[in-house]
Protein chains: 4
Amino acid sequence: MADTWSLGKHTFTSRLLVGTGKYKDFPTMQRALAASGAEVVTVAVRRLDLSKKGAESLLEWVPKGMTLLPNTAACFTADEAVRTARLGRELDMGELVKLEVIGDKRTLFPDVEGLVQAARILVKEGFTVLPYTNDDPVTAKKLEDVGCAAVMPLGAPIGSGLGLRNPYNLRIIMETVKVPVLVDAGVGTASDAALAMELGAVAVLMNTAIAEAKEPVLMAEAMRDAVAAGRKALLAGRIPMKLHASASSPMTGLIGS
Amino acid sequence: MADTWSLGKHTFTSRLLVGTGKYKDFPTMQRALAASGAEVVTVAVRRLDLSKKGAESLLEWVPKGMTLLPNTAACFTADEAVRTARLGRELDMGELVKLEVIGDKRTLFPDVEGLVQAARILVKEGFTVLPYTNDDPVTAKKLEDVGCAAVMPLGAPIGSGLGLRNPYNLRIIMETVKVPVLVDAGVGTASDAALAMELGAVAVLMNTAIAEAKEPVLMAEAMRDAVAAGRKALLAGRIPMKLHASASSPMTGLIGS
Amino acid sequence: MADTWSLGKHTFTSRLLVGTGKYKDFPTMQRALAASGAEVVTVAVRRLDLSKKGAESLLEWVPKGMTLLPNTAACFTADEAVRTARLGRELDMGELVKLEVIGDKRTLFPDVEGLVQAARILVKEGFTVLPYTNDDPVTAKKLEDVGCAAVMPLGAPIGSGLGLRNPYNLRIIMETVKVPVLVDAGVGTASDAALAMELGAVAVLMNTAIAEAKEPVLMAEAMRDAVAAGRKALLAGRIPMKLHASASSPMTGLIGS
Amino acid sequence: MADTWSLGKHTFTSRLLVGTGKYKDFPTMQRALAASGAEVVTVAVRRLDLSKKGAESLLEWVPKGMTLLPNTAACFTADEAVRTARLGRELDMGELVKLEVIGDKRTLFPDVEGLVQAARILVKEGFTVLPYTNDDPVTAKKLEDVGCAAVMPLGAPIGSGLGLRNPYNLRIIMETVKVPVLVDAGVGTASDAALAMELGAVAVLMNTAIAEAKEPVLMAEAMRDAVAAGRKALLAGRIPMKLHASASSPMTGLIGS
């Protein structure tokens, strides 16, 4: 039986979602998207240059069959984000939306207050809302309560490549909400992606780690494999950690790092 | 061009090496070995029951085409290890040997003094010697100097599942020796294997993490994917770590963990 | 020149702030408070039993000369917290307030939306507000903007003893706000407290780590020393991290853990 | 009752041991040694310039009453180390010796084979031998077996400032040997020293972290306080780690970092 997961009316097999920003050119992006095996690709509505047609338009370079996930990157208020989401729908990009309400230009951390407000409005308007949030369990619960289809906590700041800086909070979020938890942002390399899946994330979304790698297409393959590896390792049931093989009990957290 | 690596006269594509201990039964072992995609499989010469024939013999269950890597597990002196290696050769198991000289029954840490002695002898006798060692760079250099074909430092104690407890020493070993560095022991889950490859290991050897997982066959697949992912991520060139995307310089190690 | 710090009209020398909850009895609490060297002690207004007089009253057991920091523990809305803060002032506990608006009974994470609302009101009423918050830099900035005298991000969940789970976010908060940053919650042992100070925290507030240690008075001394040690180490300017002494450049963050 | 520890015929109260290398001048060294509260100071016999007399001689600047611990730094063979230890005794530096047999000029890791050889000889000659070793439990046991008075595993390479890179091995060493375990090398800042003591080290020896701090005298104070803090925290019995305060069981090691 296939190991699938769902978002609103969509069902997916791949657990890697990818972005379209920061590539050096569209052909490289296209090859990386294909190599990633991703079924969902996120696109910044505000960064679409609607005057471009044909091969000059980013959307032309998205491999056929991928599900579009328009996002509200570069929106700094709930109002901007709501209007941007609506624009995406008017452009026929579908009812999914990755909701970003940025609270700080420098670090790109979300403004969780604006995020919850915008989510509430967009859910009522029939969007399937996937909010990019921080790793705060209380905010995650609010986002679930207003009807978001998933929550997408960051592993580390966007573009930082720092990996999962606080797996503890991610674990608490997974204990707290019933909607799917996707890790969004922070992944730097393959082991980070595997770790996110091993922690129990339903899927992982990334952009910079692939787009700005020295070899984006090869890194896309690495990430495809890493997400698959982490998912399988979770399902396969890992061995417990012990100080050594003869230790009579699993490690308890006396050693912090 | 294929991304291969070599040990003595052998050339391999897979960078995962697997063991044959601790499986609940031979059929499960066989399916896990196949699922792992490994080309090299290690077998404890001392644990072979030579009175068993046909389907009762472990060797019958090793998938055809895999390269045997006899090991000297359960040897506590250089002399025992040397005699065990010779026995393996007499049994037609080939000239490769994974050399273990165990210094402590409880933790299974190697006795590095005996290890270097045994390695020196076996190299002179024409073996292609792969020593299981600790993460000490000085010992790694001695093993290279006596002619070992590779060094195999542990990531953590055998069977502990603790992952790579000291990536710093592994990195120093990789800077210190010219022979291939394989990480042997300590891997607990897929992200550990990916991380070992990202650090620059030529390959990873594991046994318990697969054999004692709840679903060994699925974990074998996970490890296959994880090793491939980590290798590709290394070659693809990961993004630098920064405190956040706008930070002007990569992180230096002021934050220890 | 003394190394002091200020909160509103108060100036302090000790950088350890302590709580009064969870002690097995008042005499033990009193000795631990004294041993800690702390000048500020926080008291839960809602947990004061105002019917108790004399030796039965917690406040009687607070060493003379300590500055009271009434807190709004066990408040789950902005409104409750505001009313509790006012009650503290009516009880002559001064104008300082450690503001807690709890968003989740189980984990005791703050509700940052309610926190900012309550802070805005209390600042206008003349309180010197110290909000217990999560490690979100955007929320920290909002708390500064509404006039809080400091921000107090958690190192880990209250009572968890997990130490500083995300030093990266704490560092970003310190770069983001100009008011003092105090680490509140999460400290489990002395090295955690030292680390918080080394990261640049102005002070550390803790309760469980002392009150529930096997020997609270000795742990209070340990924490006193650890906070002093971490502060001095910060001022003394630590050596850079390098892979080894001959390495030509400081470590950059290629090794995540 | 005082919390003391012993080495051979000596009993000490301070658990910080300090070095004399790398200071910019003798007066700074003298003030730092005094500020550290250390009772034991280690001196490299090979680096003593015996032609210098009075104020030009390093030994003149060691505060009165400190116990000298001559060391064999810069010795690369067992033979060199043995001869250097004897020279120290002839110079009336006492019977204690910090034994170093360096295996690699670049990283200053010990040569454990030469170390055990030299230790065996020096113990027979009546020295109280404190070997600087790596974090290998098998070597630690050999050193105990040949009669060393303590073992001194490194936390990280000399001068690296990386802290305790493998607390797991240090813990295993403490379980393995009965002689005192002192952490020697690797400490970079105060929290590292506290952590070493919390793990169960009997004492900590450091040099670079103090001598090359921007303000060595203040860092010496920080280290004095940190070692005291870590020791007290160990004795006081820390609270268990939990995912959050309501978690029903302590953390087991599912989250590796």
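**Close-up 1. Area buried between chain A and chain C in the predicted model.** About 2100 Å² is buried between chain A and chain C, and carbon and sulfur atoms give 52% of this area. On the chain A side, F109(A), V138(A) and R165(A) lose the most area to chain C, together 25% of what that side buries. The contact involves 25 residues of chain A and 25 residues of chain C. The model shown here and in the other views is predicted.

**Close-up 2. Salt bridges between chain A and chain C.** Six salt bridges are found across the interface of these two chains. One example is the pair K142(C) and D111(A), whose side chains meet with an N to O distance of 2.7 Å.

**Close-up 3. The interface of chain A and chain B.** Here 50 residues of chain A are in contact with 50 residues of chain B. The two chains bury about 3700 Å² between them, with 62% of it on carbon and sulfur atoms. Four salt bridges are found across the interface of chain A and chain B. K232(A) forms a salt bridge with D225(B), in which the closest N and O atoms are 2.6 Å apart.

**Close-up 4. Helices α3 and α4 of chain D.** The axes of helix α3 (residues 112–124) and helix α4 (residues 137–145) of chain D come within 9 Å and cross at roughly 15 degrees. Angles under 35 degrees count as roughly parallel, and α3(D) and α4(D) are therefore roughly parallel to each other. The crossing of α3(D) past α4(D) is right-handed. From α3(D), the residues V112(D), L115(D), V116(D) and A119(D) meet T139(D), K142(D) and L143(D) of α4(D). By class, this contact of α3(D) with α4(D) has five nonpolar residues, one polar and one charged.

Terms used:
Residues numbered from 1 in each chain as written. Chains lettered and ligands numbered in written order. Predicted model: local features only at pLDDT ≥ 70, side-chain atom pairs only at ≥ 80, totals over all residues. Heavy atoms only, no water. Axes fitted to C-alpha atoms, helices over the stretch in contact; angles between N-to-C directions. Helix = DSSP H or I, 4+ residues; strand = E, 2+ residues; numbered from the N terminus. Parallel < 35°, antiparallel > 145°, perpendicular 65-115°, else oblique. Left-handed = near helix turned anticlockwise from the far one by under 90°. Contact = heavy atoms within 4.5 Å. Nonpolar A, V, L, I, M, F, W, Y, C, P; charged D, E, K, R; others polar. Buried area = accessible area lost by both parts, 1.4 Å probe.
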